[in-house]
Amino acid sequence: MMLKLLIFLVFAKLVVENGLLHAANTDATSSRRPEEVNIGAIFAFNSTIGKVAKVAIQAAVDDVNTSPLVLHGTKINITMQDSNNNGFLGIVEAMSFMEKNAVAIIGPQSSVIAHVVSYLAKGLQVPLLSFAATDPSLSSLEYPFFVRTTQNDIFQMAAIADIVVHFGWRKVTAIYNDDDFGRNGIAALEDKLAGKQCTVSYKAPMNPEPSGEDIRQVLYQVALQESRIIVLHTYTGYGLKVLEVAHSLHMLDTGYVWIATDWLTDILDTDSPLSSSSLSDVQGLLTLRFHTPESKAKKQFMSRWRNLIRRESTNGLFGLNTYGLYAYDTVWILAHALDEYLSQGGSISFSNSSMISQLKDSNLHLDAMRVFDGGELLLSNVRRVKLTGLTGNIQYDSDRNLINPCYDIVNVVGTGHVNIGYWTNSSGLSVQPPEVLLSTPLNQTSITHQLYSVIWPGQTAEKPRGWVYPINGKRLKIGVPNRVDYNEIISYSAETNSFSGYCIDIFTSAVNLLPYALPYKLLPFGNGTDNPNINELIDKLSAGVFDAVIGDISITTDRTRKADFTQPYRESGLVVVARVQAKDCNAWAFLRPFTPTMWCTTFVFFIVVGCVVWILEHRINDEFRGPPRQQIITMLWFSLSTWFFAHRESTISTLGRFVLIIWLFVVLIINSSYTASLTSILTVQQLSSPIKGIQNLVLSNDPIGYREGSFVYDYLHKELGVAASRLVALKSEDDSAESLRKGPKNGGVAAIVDKKAYMELFLSTRCDFSIVGQEFTKNGWGFAFPRDSQLAADFSTAILTLSENGDLQRTSDKWLQKSACSSQDTQLAVDKLQLKSFWGLYLIIGIACLLALIVYFGLILKQFTRHYSTEDVEPNGLATQSSRLQTFLSFVDEKEEEIKRRFKKRQIEGGSTRSSTTTDPSNRSLPNFPLNSSSIDHMEFSPA
């Protein structure tokens, strides 16, 4: 800040001493509009942007001065100064405008110059309107009098970030000029990429005015980097030079992706056609252009362009770029703001600065510098402008940026360029024009977030992978756990400093499938006497000690927070291994298939089903009638004989058959399960263990073994809540076997929890141990790389290829397929068949019995109500509940044929009585319904 103030004071002194600043009149303010208003313009006349802007600004001034719609008689008098891209000249020229009472300055073109001149504009209260300074930091409150009349580079960087994400890349290399414009633009790109989980992996700053050798040295370093996605953010005067050097270094060949900021479209729009060498250098590049909608005013201006060039320019013919359109609109923005300012009674007057008057050094002659009195009001009017220009709708948002920033995404192909899509701040990437997206409500727009196909450098349509392994001669430092057991997995020889084993073969095969050479060195981790802690190895990786970690690395949630893992090359969950003993059969072995609860439940249902069938058949089936003792024996015999499907009694009723068929299905399932289980018990040697699985083990208080250095300790202690005092670290296979044989009562362990792959090797030569329970915590082994490493994705692809071509299985068979234990006919005693496995069947038969009984007794009650009246129960009419219940039970127990016979007799007697009553004339004549024996026989009383 002090340096800028010093520069300001020194240059002010020089300007004053050379007579470039003069005192302005301080006459009283007149209420009438002035005849003309002076404004200044600073930019580089001979630059790609400046030569277009010079013609456009002069055309805009002419149009404003002849327009009856604005200023109303007041003319704009513009003075344009050539800064020649020089900061010193920019400051001096800005001060010189005060000589002519300039109320505003258009420019500067350079963001670097804009930073310095903005302090002058703030001090003298003169709005500074720049159509080309895109540095995002210029929007800060530090520069209140700076007004950007073009788009902020922060939106261009957001568009580039969306392009990177769209094509699936994660890292980019940024080449830029090391000044305010370049640094702040790339800082904005970093922020936008970070929000999308991407990053600028390497930043390559160039000298602000680089020579060919400077560019070459920068590109040498870029070529050594991993990323092949290069963002080139520079000026129009240096962009083609960078590409020319890149072409000579073969950095425009297949595999590279170059994304140029809007400097390239400015060249293509202004200086086309390019020379054959320059055109060759830009083939396949992606670039961006400010999107300006098609309009009648824009077409008319473009049709005037050739004539304007001939009249205003001495640089020959050149095209119109978007900065020219923004420069034209800048004059109109200022004209409308001035019109409003004058309409508000504002005057063109200047006064002395109170800060400058306090300076004692009269030699500086700073008292000649005056402040524009209406600067703040004019600035406020500029920010409130709303109009439609050549670039579209012009309006400022709360962040002092133009609304609705949009970009064209351009692909340079052949002798021209192709628009492959658009980017808008509200919708991102799309092939639909921004006018369509902005005119449709967001919730009604089908945003596809896509682009048309691209032709990449090397004339290929195949999307580049975006990175290679860095060719800087560095070898990957790969950490490998130095184990003391299970040499089939990983084995290290200190004498030859070499590794072997299953994991090493998998890694070597995957490296051979990579599409590039990968220099690496395997480094042992561990002292060789104790198994290393894998979590510590992963911590070393995240700390940068190792570039990768390979081996039997289990992929856990905690580890994925520290590193990126490949596709698992082997599934290996945890299992429980315990000591087992042979279990001999005895005289009561036939009871072992079922648990006591299962036996009791089955017996109860045999009795229940027998009772239900007896109830349903008792009234109509003679086989279920007789003395009570005989009926009980019949009921028990019938129910129990269904186990063997040997029941002789037949069922007659429909409900009885319904219950019996469901029960026989249940018996079939239970019988088959019992037979299978008993066969296994009697024909295969059984091994038993008090430990049944992980749940049984955790609930006990016995010590649990785990392999030293494994993640099993954290899992058992933190996830399952096992006390740390119960966990015993085991160093080797022999140590594990000895601890299991001792058992928990003799200083050993009850069981070991470890990966299944290890335990299968452990059990291949130890028949007195076995896996108990089911495998749990399914996870896999993978190789670990630093976060966001591209190697993880390439190794995953290689591992999938190994799986598809069978090499993964062949490697597993080579190292891990060992001969099984000699007692192959043994098996671990399985759990007895429990009620929980069959409760669904018992529920079905229970519901069937209940429904059958409900239907049966409903029909019986209906029949009893129709057959018996109160007088039938008590002739004297004094019926009681007990007598009626006794009558009902007798009715239920009575055979149905007896009821039919009695009912038939009663109906015949009733018919005779009615015949005699018809002869009495005193009685009312009633219709006679004769009942014969055939009609009675067809009456149904049974629920069958």
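**A nonpolar surface patch in its setting**

The accessible surface of the protein chain comes to about 44600 Å², of which 53% belongs to carbon and sulfur atoms, with areas taken from the Shrake-Rupley method with a 1.4 Å probe and, for residues, only the protein chains shown counting as cover. This is a predicted model, in which local features need pLDDT of at least 70, side-chain atom pairs count only at pLDDT 80 or more, and totals for chains, interfaces and linings use all residues. Residues are numbered from 1 along each chain as its sequence is written, and side-chain values use heavy atoms, with hydrogens and water left out.

Of the 944 residues in the chain, 50% count as buried, meaning under 20% relative accessible area, whereas exposed means over 50% and partly exposed lies in between. The chain has 32 helices and 33 strands, which are DSSP runs numbered from the N terminus (helices H or I, at least four residues; strands E, at least two).

On the surface, Phe 603, Val 604, Val 608, Ile 632, Leu 636 and Leu 640 form a nonpolar patch with about 500 Å² of accessible area together. Patch residues have over 30% relative accessible area and no salt bridge, and nonpolar side chains (Val, Leu, Ile, Met, Phe, Trp, Tyr) are joined within 5 Å, like charges within 9 Å; a salt bridge is a side-chain nitrogen of Lys or Arg within 4 Å of a carboxyl oxygen of Asp or Glu. Helix 19 (596-617) and helix 20 (628-641) are the elements that give two or more residues to this patch. Leu 640 lies in helix 20 and, with a relative accessible area of 39%, is partly exposed.

Note on methods:
Buried means under 20% relative accessible area, exposed over 50%, partly exposed in between (1.4 Å probe, protein chains only).
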